[in-house]
Amino acid sequence: MRRPVLLLSILVAAGCVPELDVDESVVEARRVLAIRGEPPEARPGEVVAYTALVAEPSGTVTSLTLDWSYCVESKPLAELGPVSANCVAGSDGAIAPIGEGPTASGAVPIEACRVFGPEPPLSEDGEAGRPADPDFTGGYRQPVRAGFPTDAGTDVAFFEERIFCGLAGVGSDDAIEFQRRYHRNVNPEIEAVELVREGGATEDVAIDDVPVLAPGERIELIVRWPACPIDAACGDGVCVPDETDTDCPDDCAAPAGTCPGAEAYFYFDPALREFEVRREAMRVSWTATSAGFAEARTGVDGLTDVNESRNPFVAPSTPGPLTTWVVLRDERGGVAFRAIEWTVAAP
Amino acid sequence: MKRLFSFTFAAASLLLSSADARVALAQRSAARAEAQVPTLTRPPELLRFVEAVYPPEEIAAGRSANVVLELTIDGTGRVTDASVVESAGAAFDAAALAAARQFEFRPAEFDGQPGAIRIHYQYVFTLPAPPEPVVPDTAILAGVVRDEASGQPLAGVTVAVASPGAEGAAPTTASATTDAEGRFAVEGVVPGRVTVTLSGGPLSSIQTEETLAAGERLEVSYDVALPPPPEEGEPTDDMEIVVVAPEIRREVVASEISAEQATSVPGTGGDVLRVVESLPGVGRPAVGSGQLVVWGASPEDTRVYLDGVPLPRLYHEGGLRSVVHPAFVESLALIPGGAGAPYGRGLGGVVLVEGRGPTEEGFHGTIGADLLDASASLGYRRANGSYQAAAGRFGLLDSFAGFLDDDVTEFVPIPRFWDGQARAGFVLGGGATIDIVGVLGGDRYERGVPNPDPALATRDQRDLDFYRLYARYRRDAGDGTTVEIVPWLGYDRSYRATSFGDLTSSVEARNVRLGLRALYAYRAADWVTLRAGIDAEIVLGDYQRQGSLGLPAREGDIRVFGQPPPDTLSFDTWESQQIGVAPWIEARIDTWNERLHITPGLRLDPYARSASRRVPVDATTPELGTFVYDFTVEPRLAADLDVTDWLSVRGSIGRYARLPSSDDVSPVFGNPALPRARGTQILAGVAVHPIPALEIEATGFLTTSEALATRTTDPTPLQARALEALGEGRVKGIQGLVRANLDHGLFGWVAYTLSRAERKDSPDVDWRLFDLDQTHVLTAVAGWTSEFGLELSGRFRFASGFPRTDVIGAYYDAARDRFQPLFGEHNGIRLKSFVQLDLRVGYTAEVGESELVVYLDVQNATNRENVEELIYSPDYTDRRTIRSLPILPVVGLQWRF
C-alpha cells in the first residue's frame, strides 16, 4: 500500500492550503499583459519606445490611451516592492511624464544609473550613499509607469527598462573587460507559433491566420524562438561574450550581430568576483479570453538548450471567436508578444 | 546507679573499700566461748560484690533504706544461706537478698584453717545523687516527608541538615533517612539557621531553611511536589523528572511545573520542554515555527540555557521536539521577565534547563518511538553518585516520505532532526561534583515547489547544527557557600536558502563559541546571601550571505505569505569576533522576620566586536575592518513580601541589553556599527495560596526596548546602513495563573495572558502592532493519573490571531509578469482567533522489572479549522486562509528499564 494512513498528519497538512480557484490564463477584465521597450536595454538619455499589450475579455485592445511616465524616485530598503510607493501612487516629484497614447517614447532619465543603478547616490549630507543592487542577471532597471482607464477607474502597470550602467565596485580592468564583452540585450522574437492537433498533425500559425478549432478540441501550442549560439564562432553573425570587435569584427563591429532568442551574456558573479557567460532563461505567458490553457506560464531555464515551449490547450465548448496571447520574455527584460485570433466552430 | 553500703559480722569489725562502695565490717559479738570453739584467726573477706538493683518504685518514691542480712558462708567462701534480720520493706529486702547470695568471700580461718561462719551484713540503699544538670548544645529536627500530591509518606529520603560553623569553626552536617512512614529525626543539629536538603529516593535535591534553638526538637512536615515514589524494583525513567525552578535563585516570576504533569500534557508527546508553550506569558507559536514568544518579545530575545550554557534554540525546526533529550532533564524554569543579574544578552525571557544523569543505581534506560521520532537512553550510576549516560533521538518523518505523493513532499516540508547527549558525572567529595557533558543537535529541512515556469519554481532549504561541550563544577559547602564554574565550548552552523526562480537567497553562519559562567554564593549573615559571578561569551564567526535584501524576512516587513522577495542580488562575506565579559553581583536580603526579601543586583556588561568589513566589498576601496565597543550597566532590583502565610506580593525592575545578530552586522545587508539594543522590564504581581493544593498568581508587566535594528527608511542611505538602530518596542500586559494539585492524581492549571506588544520602526512613524502580538492567550490544562497506570489529560488553548497587513489593491508588474500587492495599515488586521482542544490518554504497564508505556496524543481533537495564514490569489482579488493542522493523532510507545 503506497499511501498508508500512518502519515495522515502530513497528508492532511497538504490539504491545509486552500485551492485558489483562479486561472491566471483567463482575461476577465481589461488588463495589461505585457509592455515592451525598444530597445530593451538603453543608456541614460537614450530614447526608448514603449508599447503595451492590453487585453480584455473581448480581445486585444488596440486604441487605449495610456499615461506613460518614468519613476524617478528610488524606494527605501524598507519597502520590499519593486518600485516606490510614491511612484505607484503617481505622486508629484516621484514620476516624470513620458507621454500618452497606446505607445510612447521617451529618453531614459540621465540620473537613472545614479538612482537605480550602480552609481552611488548622494545622501542628504552629501556623502556617497548606497547604490542600488543589481538584479540576478547583473542588470539595473529604470521603472516605467503606465496608467490606463478601466471600468473601475484607473489602473496602473509597471515595466522596467534595463539600463546599461556598467558594474559597481570593480576595478578598472574588470570594468573595461565588462564594457568590451557585455552586449546589450535585444528583444526576443517569436519565430513561430505552431499548433499540434490530436493525432500529431502540426500546423504553423502565421501572424494573420485565424485557425479553426472544434468545440472542446484538445491541441498543444508551441512557441519557438531563434536558436542563439553561446560559444564563439566568428562569422556566424552573432557577437557572443567570447567575441569582441577586435578579435571578431565580422560579428562584433558596430552594429554587432544580435540574436533574438535566448542570448548568451556576460555576467559578473559578485560572490566569486569573476566573470562568467550565461544564457538567458526564457518565459512564455499564455492567456486567452476563455479558460483552456493547462499552464498560465511555461519556460526554459538558462541551462537548457531548448528553443521552444509547449502548452496544452482545450478549446471552449461553445462556438465563437477566441483570442489567445503569447508573451515571450527573456530574463534580461526583452519582450515579444503575439495575439492569435481563433474561430471555434463545429466541424 | 551508685550505692553506698556496709555490713557487720559478729566476730569482728572490718572496713572494706572498693571503688564504688564504702564497706564497714563489725564484729557482732565475741566468740561465744573461746575455750569451746576454734579461734577465729582470719575474718572472711568479700572478694566479689554484687550490686543490688535499686527498686525503681522506691527511687520514684524517693526512699532510701538499710537492710540487715544474716549470711552463712561456707569453708569455700560461698554464701550458702541468707536471711533478713532487719527489714526495710519487701522490695528492698528482696533486692538485698538477691545480691548478697551472689557474694563470694575468702573463707574465714579458725586456727589457721578455713571454716564456715555466719555473719551479719548491712546492705545500705542510698538514693542516687541527682545528675548534674546538662546544658543542651544541639537540637533535633524531626518530622515527616510526604508527597504533596497524594499525601503519601516518602521513605528513603535523606534529610541532611547543614549548620553553619561557629566563627572560625567548620560547618557541620547531620542527616537521617525517612522510614516507611516518612518520618525522620536528625539529632545533633548545631542550632541556628540551617539548610535542610531533601534528596534520595524518588526525590531530586530540594533545599529549604529552618531555624532551631539549642535543645529544641523542631517538628516539621515537608510536602514535596513529586511523582509518587517508585515501587520496589521500579526503574527510574523520565517520568520522574522534577521540574522546579532552581532553588539557587528565587525569581520574582517564574513558572514551574512537575515533569510528571508536563509529560502528561497533550501536545508534548512526552517531551518535557515542550510544556513551555503552555505556560503563562508564552504566546502560541505559529504551527511549525518552533518560535518562543514570551511577553511579546522577539523569539531571538529569549535565551535558552542548559546547565548555564546557552543553546541556539529550544526546539528543533518545525517545533515538534525540543533539542534536549528528556531523559537528562532535571528541571525546567521559565522566567518570562525580570531575570536576575546572572542573565543578560537578551530582552525577553529566560528558559533554564537543568541537566542530570541517571538517578537510580545501576543500568537504566529507555527506548521509545512514535510517529515523530525514535529515541533511546542508557545510563549507569554508581553507589557514590558518579555516572555515565548517553541518549539519542532522531526524527522519523522523513523515513515515510517515500510513501507520500511527490506533490505532498514538494509542498509540505518534512523536517529531519536529531539530537544526542553524553554525560559523565563524578563526585569529588567535600560536596563537590563535576559533570562533563556533550550535546549536539541537527536539523535538515527542505522543500520545493516546481513550476513549468522556472522563474516561479521555489525551494527552501535549512540546515542547522549545534554542538556543545562543557564541564560543570559545583561545590556546596553546606553552609550556604556555593561555587559553580561552567567553562564551555560550542560550534553552531546554520544555512538557510530560499530560491525563487533563478534567484537564490542564502545565509550561512559558522560560529565557534567559547564561554564561562561562574558563580560564588556566600551567606554573609543570617539575613543576607551574596552572590557574584561572571558571564563571559566569545563568538568567533564567519558568515556568507547572498541574494535578496528582503530574505530572510524581518519583523516588521510588510509582505504577504508566499510573496517573492525583491529580485535584486547582493553578496557579502564577513567575519566577526564578539566578546562579552559580564561580571555581576547580587544580594538576597531577608528581613522583617524573613517576610520581606529584597534582591538588588548589578550586571556590568562590557562588550567588544570587531568585524572584517566596514563597507561593502569594493575593488576600488581598501578593505577596512571595524571595531565597536560599548559598556552597559544593568541594575536589577527584585523584592517579594510575604504579607501573610498565604499572600505575597512581588515586583522587580531591571535594565537589559541584547547583542546585535551576527547576520545584521553585514556591511551589505545590515550595519557593522549596530549598537546593542537595550530595554527595561518592570513587573509587579501577587501570589495567593489559599490552600496548599491551590496557587493563584497574577503579574503585570511593562517592558520597553530601544535601539532595535530596523530596515532604513532613508531612500538614499549611506553605505553599510541597510539597518539602523532606530526601532523601539513596548509591551504591556498581565498574566494570571491558577494551578491546582489535587488528591487522587488530579492536576491542572489555567494560564491567561493579556498583552499588547508594539513596535516603532523609526522615530517619525507611529507605533504599530508587533508581528507576533497576541492580545489574549488562554491555556487550560487538566489531567488525571490513576494508581493503575492510566493517564488522561486535556489541553484547551485560545489565542488571538496574529496581526497581518491587509492588501487593499494590486498593480501589474509587467517586468516580472506578476501582480504586486498594495498594502493597507501596517498590521491593521488579525487572523482569526485560534481555538484548539488536545487530548491524551496513556497507559503504563509493568513488564517484569520494566515498564511499557503507550500513549495516544490527539491534537486538535475537534478538528477545528484554525487559521494560520492568509493567502491571496495571484491578482490579489481573492483572499483565503491557510488552515492549521487538522485532527492529528500520534501514537507512541516507550519501554523503560
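Predicted model: local features only at pLDDT ≥ 70, side-chain atom pairs only at ≥ 80, totals over all residues.
Chain B comprises 897 residues, of which 53% count as buried. Its secondary structure consists of four helices and 50 strands. Where contacts in chain B join residues at least 6 apart in sequence, 65% of them connect residues at least 24 apart.

Over all chains, five disulfides are counted. In chain A the bonded cysteines, counted along the chain, are paired in the pattern 1-2, 3-4, 5-10, 6-8, 7-9. One of the disulfides connects Cys71(A) and Cys87(A), with an S to S distance of 1.9 Å. Cys71(A) belongs to strand S5 (residues 66-71) and Cys87(A) to helix H2 (residues 85-89) of chain A, so this pair ties together parts 16 residues apart in sequence. The S-S torsion of Cys71(A) and Cys87(A) is about 70°, and the disulfide is therefore right-handed. Cys71(A) is buried at 0% relative accessibility, and Cys87(A) is buried with a relative accessible area of 0%.

A further disulfide is formed by Cys234(A) and Cys248(A), with the sulfur atoms 1.9 Å apart. A torsion of about 100° about the S-S bond makes this disulfide right-handed. Cys234(A) is partly exposed at 48% relative accessibility, whereas Cys248(A) is buried at 1%.

Cys239(A) and Cys252(A) are likewise joined, at an S to S distance of 1.8 Å. Cys239(A) occupies the loop between S13 and H5 of chain A and Cys252(A) lies in helix H5, so the pair ties together parts 13 residues apart in sequence. Cys239(A) is buried at 6% relative accessibility, and Cys252(A) is buried at 9%.

How values were computed
Residues numbered from 1 in each chain as written. Chains lettered and ligands numbered in written order. Heavy atoms only, no water. Helix = DSSP H or I, 4+ residues; strand = E, 2+ residues; numbered from the N terminus. Buried < 20%, exposed > 50% of the residue type's maximum accessible area, 1.4 Å probe, protein only. Contact = heavy atoms within 4.5 Å. Disulfide = S-S within 2.5 Å.
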